[in-house]
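Biologist: Can you take me through this one? I'd like to start with the domains.

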Amino acid sequence: MNVLLIVIDTLRADHLGCYGYSRDTSPHIDALASGGVAFDWAIAPAIPTHPSFVTMNTGQYPITHGVVAHGGERAIPRTSPWLPSLLQKNGYTTCAIDNLGEWRFGFSQGYEFYVDPTRRRALSINCDNRAINERAIPWLKQHGTERFFMMVHYWDPHTPYLPPRAYRNLFYKGDPCDPGNHSLDGLMEHPLGRMWKETWFNKLGGNITDAAYLEALYDSEIRFCDDGIGKLLKTVEALKGAEDTLVILTSDHGELLFRHKVFFDHHGLYDGTLHVPLIMRHSGFAPKRVPHLVAHVDLAPTILELCGVAVPDGMEGSSLAPMLRDADAPPIRDCVVSQECTWQMKWSLRTHTHKFILAREEDFYHTPSRELYNLDADPCELRNIADDDPDTARAMESKLESWIAAKMAKNGLAQDPLVSHGITLGKAWKDEKNR
Ligand SMILES: [Zn+2]
């Protein structure tokens, strides 16, 4: 079996048609979903980019592999299993079109071909899907007859949202600079607020006041990226071995846009950040929706099992292969633990019905240190009911702390790694601002 893994940075699930979005952002991804297996509730356990990609590739939670923060101190440990290396050792031609290898974390290990189209650019996130496809499509045409594992990392929906002009007004009608609009008044509370005003907004024509305009641009970036994905999928579908190629599409994390005072960034362990798309298509699997909770830790064990490679004991996720094969396969978990430690130092426990968020350090928005949300009644997580439902909050906090303590004991850690080697840029920024 060949594997094409498509990871779109910063793509929240609920802005895709196949996850119920009203705007036509994703015709090609929607077609992939309707012909494949779409997981309704895939959750990112590791926020943001670096922890998330390490988790996807190791099948381990950050508390085990140690990369708990974007730009943190820890490199990927040699003791952690690494998906591309395992496939390479089992005869796969491995290729990544990606830009994370330049960082000191060792993302390029295990790849026979590691192509970084962003090296010629000042900022990696300014590399749009066309530059990625310029490398990915010829590679597929040249190597598509070999047994391959290919990972393609797109960046279009990441800030700054600056899609080509043809896409800019797809989803917005109005005046983005209306002086009577105050939806961006809290922007300067975000550490990147000033930079965005001076660089990003200037490229959009000046004094942007309407957050809905920026959200519409985010959607335009998704549509732009979707068009690029359509071209990549067309190439894959024309390959000789197309029927035995597993196509997987996911994202590393979502984006909070302008809710919870988190403007256009991916921190805050709310579902806008944690809920990611996960679609797997192969001719051997009947199209279906899977309603169970799954997580990025499950990705590597799934790929290995489907490729006939033994899943190492060190992986903490579970293979989703039974769910791909059988519509009645039982769930593998009743909750997902997630963490973030770049702007904030937080843990969360998410079940199908509730989310509990625990702060190890006060954040710069002065959010309470304990948050509880009823996801059925309040899917946007706008009403913290930790004080109204203390029994549920206590029970979830206890379960979360037990999970953390068990992992620390197993990994021989004396201290929560968020505290011992995480970084929280947010608090440092706030302290500096208040000095
Ligand atoms: Zn990312």
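Modeller: The chain is divided into domain 1 (2–325) and domain 2 (336–434), with bounds from an automatic or database domain assignment. This is a predicted model: local features need pLDDT of at least 70, side-chain atom pairs count only at pLDDT 80 or more, and totals for chains, interfaces and linings use all residues. Residues are numbered from 1 along each chain as its sequence is written.

Biologist: How far apart do the C-alpha centres of domain 1 and domain 2 lie?

Modeller: Those centres are 24 Å apart. The contact takes 29 residues from domain 1 and 29 residues from domain 2, where contact means C-beta atoms, placed from the backbone, within 7 Å.

Biologist: Which elements give two or more residues to the domain 1 side?

Modeller: Strand 3 (46–47), helix 3 (62–65), helix 9 (271–274) and strand 10 (288–295) do. Helices (H or I, at least four residues) and strands (E, at least two) are DSSP runs, numbered from the N terminus. Helix 3 gives the largest share of that side, 3 residues.

Biologist: Switching to the largest nonpolar core, which residues touch the most other members?

Modeller: Ile6, Met150 and Val152, out of 118 residues. Such a core is a set of buried Ala, Val, Leu, Ile, Met, Phe, Trp, Tyr and Cys residues joined through C-beta atoms within 7 Å; buried means 20 or more other C-beta atoms within 10 Å of the residue's own. Helix 8 (residues 211–237) supplies the largest share of this core, 12 residues. At least three residues come from each of domain 1 and domain 2.

Biologist: And what does Met150 touch?

Modeller: Leu4, Leu5, Cys95 and Leu140, not counting residues up to four places away in sequence.

Note on methods: Buried ≥ 20, exposed ≤ 12 C-beta atoms within 10 Å, placed from the backbone. Contact = placed C-beta atoms within 7 Å.
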